[in-house]
Amino acid sequence: MRNRAAEKGKERVKVADKLLDEEPVKVDRWNGSAVKHALDDASKNVFVKQLKFVEDFRIIDRKLLLCTVACCFSLFALAYDYFSPFPKSIYVLATCVILYFIIMGYVTWYNNKVEGDCFMTALDKDLAGIVS
């Protein structure tokens with residue numbers, strides 16, 4: 001029992017030593033956004049490098065997919081208007097503009113409610129390789 005506690009203590013010291021070996025990040029302390037980003041990056045480094053977590057990008061990928069679909073609607077409207085000038089393409093333009101704003105409204109909701117203040121999602125790496 002004491003041996004396990006000693007091993008855990010040694011692991012904590014190793015992690016602390018690795019953290020102290022890194023160069024400190026210089027940030028203007030009065031810039032709240034820069035301080036938050038520096039703390040987020042430092043936390044990511046601890047989880048990914050020291051604790052061996054695997055970063056999961058599914059939340060960000062969904063948001064990028066939604067933004068891509070919205071941009072495709074706008075590109076389609078642009079191309080359709082090029083080949084069929086304005087008076088003929090008014091219904092297609094109106095439909096694409098409405099769909100674009102609906103999707104971007106959903107992206108805003110997704111960013112605020114689903115993603116929120118989350119700066120990282122991670123998966124615990126299975127060292128045995130049993131679970132993929």
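1. Let me start with K44 and E55, whose side chains meet in a salt bridge with an N to O distance of 3.7 Å. This pair links distant parts of the chain: K44 sits in helix α2 and E55 in strand β1 (residues 53–56), eleven residues apart. Please keep in mind that this is a predicted model.

2. The next pair to look at is D40 and K36, which form a salt bridge through their side chains at 2.7 Å, N to O. Both belong to helix α2 (residues 32–50), and because they are four residues apart there, about one helical turn separates them.

3. The surroundings of that pair deserve a look too. D40 counts as buried because its relative accessibility is 13%, which falls under the 20% cut-off. K36, with 41% relative accessibility, counts as partly exposed.

4. A further salt bridge joins the side chains of R58 and D56, with N to O at 3.0 Å. R58 is partly exposed, with a relative accessible area of 47%.

5. For the count, the structure holds four salt bridges. The ones I have walked through include K44 with E55, D40 with K36 and R58 with D56.

6. Now for the overall layout. The protein has four helices and two strands. Following the sequence, they come in the pattern α-α-β-α-α-β. Helix α2, which spans residues 32–50, holds both D40 and K36, and K44 lies in helix α2 as well.

7. What share of the protein counts as buried? The figure is 11% of its 132 residues.

8. On contacts, consider pairs of residues at least 6 apart in sequence: 71% of the contacts between them join residues at least 24 apart.

9. Finally, the surface. The accessible surface of the protein comes to about 11100 Å², and carbon and sulfur atoms account for 63% of that area.

Key: Residues are numbered from 1 along each chain as its sequence is written. This is a predicted model: local features need pLDDT of at least 70, side-chain atom pairs count only at pLDDT 80 or more; totals for chains, interfaces and linings use all residues. Side-chain values use heavy atoms; hydrogens and water are left out. Buried means under 20% relative accessible area, exposed over 50%, partly exposed in between (1.4 Å probe, protein chains only). Contact means heavy atoms within 4.5 Å. Accessible areas come from the Shrake-Rupley method with a 1.4 Å probe; for residues, only the protein chains shown count as cover.
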